Amino acid sequence: MYSMSSQYDRPWSTQPATQREQAQFKRRQEEEILHTEKKKDLIVETILVDQLSRAAVSDPEKNVSSIPADLGPRERKQLEFYNTRSPPKGPNPENTLSKRVRFGARIVTKNGRDAHRELNGFFFSADNTLTLYEFHQFGTRSSALPFIQRGSYSHVQGKKKGQPYTLLDIYVGGSLSFMTALQASLPQTVSSCPVVVFRICDVDENAKETQLFENCQSFGNKRSLIDKLANPLSEKELQERKVLENVQRLVKKQLQKRAVKTLMGLGQHFRKMDQSGDGVLDRQELLRALHTYHIQIPEEVLEDLWNVLDVNGDGFLDYGEFSRGFIGEMNEFRKSLVRKVFRKLDPSKSGIVNLNNMRKFYCTKKHPKVLSGEAKEWEIEKTFLSSFELCAEKGQVTYAEFEDYYEGVSLCFESDEEFTAMMRNCWGV
C-alpha cells in the first residue's frame, strides 16, 4: 500500500508540459508580476502621502509643497489638499522620505488570521526610522494602514537586544522585533503578547545598495560594506549558525522518511501541551517530546543547541523558536508559496480551511508517481488527506497545521525549483 512517508521521498522533477500549458502558465506569471508591481507602486504612493500628511498635521511649519516625482495623479491630488491646509514655511520633510528602502514582511506566528496579513514597510536612512503598513484589498478598493508607527527602534530580543536598527538589518530572512505596548495600531491577537516579531520577506535591493554605498569615501569602505551585505552576521552569530546547521543536519537524516508525519505530530503535541497559550515550554517538556517522536541527538550537541536558543537563560523556549532552530524552516521564498496557497484556500482570511475544500483544489494528475505509474491518483489524494486526520478539529485545517505539513514536505526538496514545481503542479500557483 502507498504510504504517507513515501509521497515525497524522492526529489520532485519538473514534468514536460504541452505548448498550450506552457503558454498559459507564462501568461499567468506575467499577469501576476504586473499585478504585484502595480500593488507595490500603490503601496509606495499611499505610504508616502500618509507620511507627508502626518508631517503637515503634526507640524504645520513643515514644508510639504514639494510633491515626490513618483506619486500618481490620485495621490498628488490628496497631497495638494494637505498643502492648502499647511502653507510652506520650513525645511522639506520630503528630504527624509526620499532616501527610503521598501521591504515586505510577515508576522512570525502560527495564528492563521495574522499569518494572512500583508505587510509592507520602509526604512528611511536619512534619520534611521522605519514603519510598517498593512495592505487591505476590498474588491476594487485598496488601502494601506499603519501597523508599526514610524520611529527609531532597537532590537528588543535576541543577540542584538538594545542595538538600534540600521539599514544593514533590512535583509531577506532578517527579523524585526517591537514592544507591542508602544504600538496603538496592532490588532488584539498581536498586542496580547509583549513582543511582536516580523520576518522580512523581500527587499528593494537596488535602493538599499544605492543608499549604503552613497557615503562610502574609499574602496576599503566599499569592500567592507560588500562583505557585510554578503554576510550580515557577526562572528558569534556565525558560530551559533554552525551549531544550528549541525543539529538540523542530524535531524533531517532521521526524518527523511517521516518528515511530514513527525512535524505535524510535534506541532499538535506542543499545541496540546501549551495550556497557557503563550507558546512557551520548559526543557524537560521539549526533551520528552523529542523522545516520543524518536528524534535522537547527542547530549553535548543538545546542550550547545539549548545555550544558543535560550537567549534569556530562563530555562524556557518559545516552541516556534525551538522548532526553527532544531529542525529548521522553509526559506522565505518557499514560505511565500505556502502562504499564497493558503490564501487561495481561505479567501475570507479566517485562518481555517475546510478539508473538503482543500480536496477540491488539490490536483494529483501531475504527481510524478502518477505520471510514472507507481501510484494511482486516488492513492496520492488519500495519502495527502490522511496527513490531516489528526487535526485539532476534525475536517478543519488551521494555518499552523497546513504550515507544519509543508515544513515536513520542504525537508524532502533540495532546490527551490523542485519545491516550486511541486506547488505549481498540486495547487496551480
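How many of the ten residues of strand β3 (residues 129–138) are buried? Seven of them are, and the strand is mostly covered. Buried here means under 20% relative accessible area, exposed over 50%, and partly exposed in between, with a 1.4 Å probe and protein chains only. The model is predicted: local features need pLDDT of at least 70, side-chain atom pairs count only at pLDDT 80 or more, and totals for chains, interfaces and linings use all residues. Residues are numbered from 1 along each chain as its sequence is written, and side-chain values use heavy atoms, with hydrogens and water left out.

The protein has 429 residues, and 43% of them are buried. Its secondary structure comes to 18 helices and ten strands. Helices (H or I, at least four residues) and strands (E, at least two) are DSSP runs, numbered from the N terminus. Contacts (heavy atoms within 4.5 Å) were also computed. Of those with a separation of 6 or more, 66% link residues 24 or more positions apart.

Six strands form an open sheet. Their order is β4-β3-β2-β1-β6-β5, and the pairing is antiparallel. The edge strands are β4 and β5, each of which pairs on one side only. Neighbouring strands are turned by 35° against each other on average, direction ignored. Two strands pair if DSSP finds at least two bridges between them. Strands of a sheet pair through backbone hydrogen bonds, either parallel or antiparallel.

Strand β3 has partners on two sides. Strand β2 (residues 118–124) is joined to β3 by seven bridges, and the two run antiparallel. Within this pair, Asn120 stands opposite Tyr133 of β3. The two strands form a hairpin with four residues between them. In that turn, Asn128 has a positive phi of about 55°. Strand β4 (residues 141–151) is joined to β3 by eight bridges, again antiparallel. Phe138 stands opposite Arg141 of β4, and Leu130 stands opposite Gly151 of β4.

Strand β6 (residues 195–203) holds Arg199. Strand β1 (residues 100–107) pairs with β6 in the antiparallel sense over five bridges. Arg106 stands opposite Arg199 there. Strand β5 (residues 175–179) is also joined to β6 by five bridges, and these strands run antiparallel. The bridge partner of Leu176 in β6 is Phe198.

Is Arg199 buried or exposed? Arg199 is buried, with a relative accessible area of 7%. Its side chain makes a polar contact of 2.7 Å with the side chain of Glu329. A polar contact is a pair of N or O atoms within 3.5 Å; within protein, one must be able to donate a hydrogen and the other to accept it, and residues adjacent in sequence count only if both atoms are side-chain atoms. Neighbours within four places in sequence aside, Arg199 touches residues including Gly104, Ala105, Arg106, Gly173, Arg324, Glu329 and Glu332.

Two helices lie across β1 and β6. Helix α6 (residues 205–213) runs at about 130° to β1. Helix α13 (residues 332–345) runs at about 100° to β6. Axes are lines fitted to C-alpha atoms, for helices over the stretch in contact, and angles run from 0 to 180 degrees between N-to-C directions. Helix α6 contains Lys208. Lys208 is buried, with a relative accessible area of 4%. The C-alpha atoms of Lys208 and Tyr171 are separated by 9.3 Å, although these residues are 37 residues apart along the chain.

Helix pairs were examined next. The axes of helix α10 (residues 283–292) and helix α11 (residues 299–309) come within 13 Å and cross at roughly 135°. That makes α10 oblique to α11. Angles under 35 degrees count as roughly parallel, over 145 as roughly antiparallel, 65 to 115 as roughly perpendicular and the rest as oblique. The crossing of α10 and α11 is right-handed. A crossing is left-handed if the near helix is turned anticlockwise from the far one by less than a right angle, and right-handed if clockwise. Arg283, Leu286, Leu287 and Leu290 of α10 make the contact with Leu302, Glu303 and Trp306 of α11.

Helix α17 (residues 399–410) and helix α18 (residues 416–427) pack at an angle of about 135°, with axes 11 Å apart. They are therefore oblique to each other. Their crossing is right-handed. Phe402, Tyr406, Val409 and Ser410 of α17 meet Phe419, Met422, Met423 and Trp427 of α18.
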